Amino acid sequence: MNAVPTDPTIRTLVDKLALRDRLSPEEIAALDKVLGPPKEVRSGADFVQRHGHPTHSTLLISGFAARHVSLADGGRQITEINVDGDFVDLHSLLMKQMDHGVQALTDCVIAQAPHAELIALTENHPHLARLLWLDTLIDAAIHRQWLAVIGRRSGLGGLAHLLCELYLRLEVVGQAEDRSFRLPLTQSVLGDMLGLSTVHINRLVAELRAQGLVNWTGGQVEILDWPRLAAIAEFDPAYLRLQREPV
């Protein structure tokens, strides 16, 4: 049984990693030690800069953030929405220069882990290093799914897929239950994720409501018919690796 971390800074990260494999008390303590004090980031701020050379990786403790690629005309493509417990740029430990930015979509709380200390952690705790590696592989799997969603699925299927994915990811870290979760994102943000206009997103939300699939009021979403929503999305959660398998 996993030790329960007393520090809320790492609780969601431990919940997420422990879903895939057991964490020892020593590994939890090592994670706690490597992370700095919590910091607040206001909505709209880029806390990871495209083309930057970060010397630390950032854990999202609370809030919603987005990895994005910005275009010369002012448009952008969101490539993943990040939630509590996500190391939003763990891959910067090896990539060195970032090819995308990460923006706070709501007010967020973050903590930073210096790369030098992360390197020491991976050398001293090889099992924990494999778990963190798996975390980056799941990020890559999420990106592959969104290539298929944007390139091949209908707008309705894409929005349904986003809701299914976010519900399961938020459920893991205790931010969703009973098919209900908070989603305080604008239709503009959803459009940047799905490659659609805000007018199109508005119509899709209305269609999901009309079909009795969701109750979506303000920033709260309740999934009323999971089997039908998942069928529209062609949603297969295998890529999220929601089962415990030793690494």
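# Notebook: cores and helices

I began with L163, which touches F181, L183, L208, V214, W216, V221, I223 and L229, leaving aside residues up to four places away in sequence. By touching I mean heavy atoms within 4.5 Å.

A note on what I am reading: this is a predicted model, where local features need pLDDT of at least 70, side-chain atom pairs count only at pLDDT 80 or more, and totals for chains, interfaces and linings use all residues. Residues are numbered from 1 along each chain as its sequence is written, and side-chain values use heavy atoms, with hydrogens and water left out.

**Entry: the cores.** Next I looked up the largest nonpolar core and found 46 residues, with L163, F181, L183, L208, W216 and F235 making the most contacts inside it. Such a core is a set of buried Ala, Val, Leu, Ile, Met, Phe, Trp, Tyr and Cys residues joined through side-chain atoms within 4.5 Å. Buried stands for under 20% relative accessible area, exposed for over 50%, and partly exposed for what is in between (1.4 Å probe, protein chains only). At least two residues of this core come from each of β5 (76-82), α5 (126-152), α6, α7 (187-194), α8, β11 (214-217), β12 and α9. I take these labels from DSSP runs numbered from the N terminus: helices are H or I with at least four residues, strands are E with at least two. The largest share, 10 residues, is from α6. Apart from this core I found another one of 23 residues, including V14, L17, L121 and L132. In soluble globular proteins, nonpolar side chains tend to be buried together.

**Entry: α9.** Which residues of helix α9 (residues 226-233) are buried? I noted W226, L229, A230 and A233. They sit on the same side of α9, because they cover an arc of only 95° around the axis; the arc is that of the directions from the helix axis to the C-beta atoms. The face turned away from that buried side carries the exposed P227 and A231. Among what covers the buried residues are α6 (155-172), α8 (198-210) and β12 (220-223). At the N-terminal end, D225 is the cap, with a side-chain oxygen 3.2 Å from the backbone nitrogen of R228. After α9 comes E234, with a positive phi near 50°.

**Entry: α4.** In helix α4 (residues 115-124) I found H115, L118 and L121 buried. Seen down the axis, the buried residues fall within an arc of 115°, so they line one face of α4. A116, E123 and N124 are exposed on the other side. The cover over the buried residues of α4 includes α2 (25-34), β3 (56-62), α3 (92-95), β8 (108-114) and α5.

**Entry: α1 against α5.** How do I describe the packing, and what is the angle between helix α1 (residues 8-20) and α5? It is about 95°, with the axes 10 Å apart. Axes are lines fitted to C-alpha atoms, for helices over the stretch in contact, and angles run from 0 to 180 degrees between N-to-C directions. The two helices are therefore roughly perpendicular, a label for 65 to 115 degrees. K16, L17 and R20 of α1 make the contact with L128, L131, L132, L134, D135 and I138 of α5.

**Entry: T58.** I placed T58 in strand β3, and T58 counts as buried at 1% relative accessibility.

How values were computed
Polar contact = N/O pair within 3.5 Å; in protein donor to acceptor, adjacent residues only side chain to side chain. Parallel < 35°, antiparallel > 145°, perpendicular 65-115°, else oblique.
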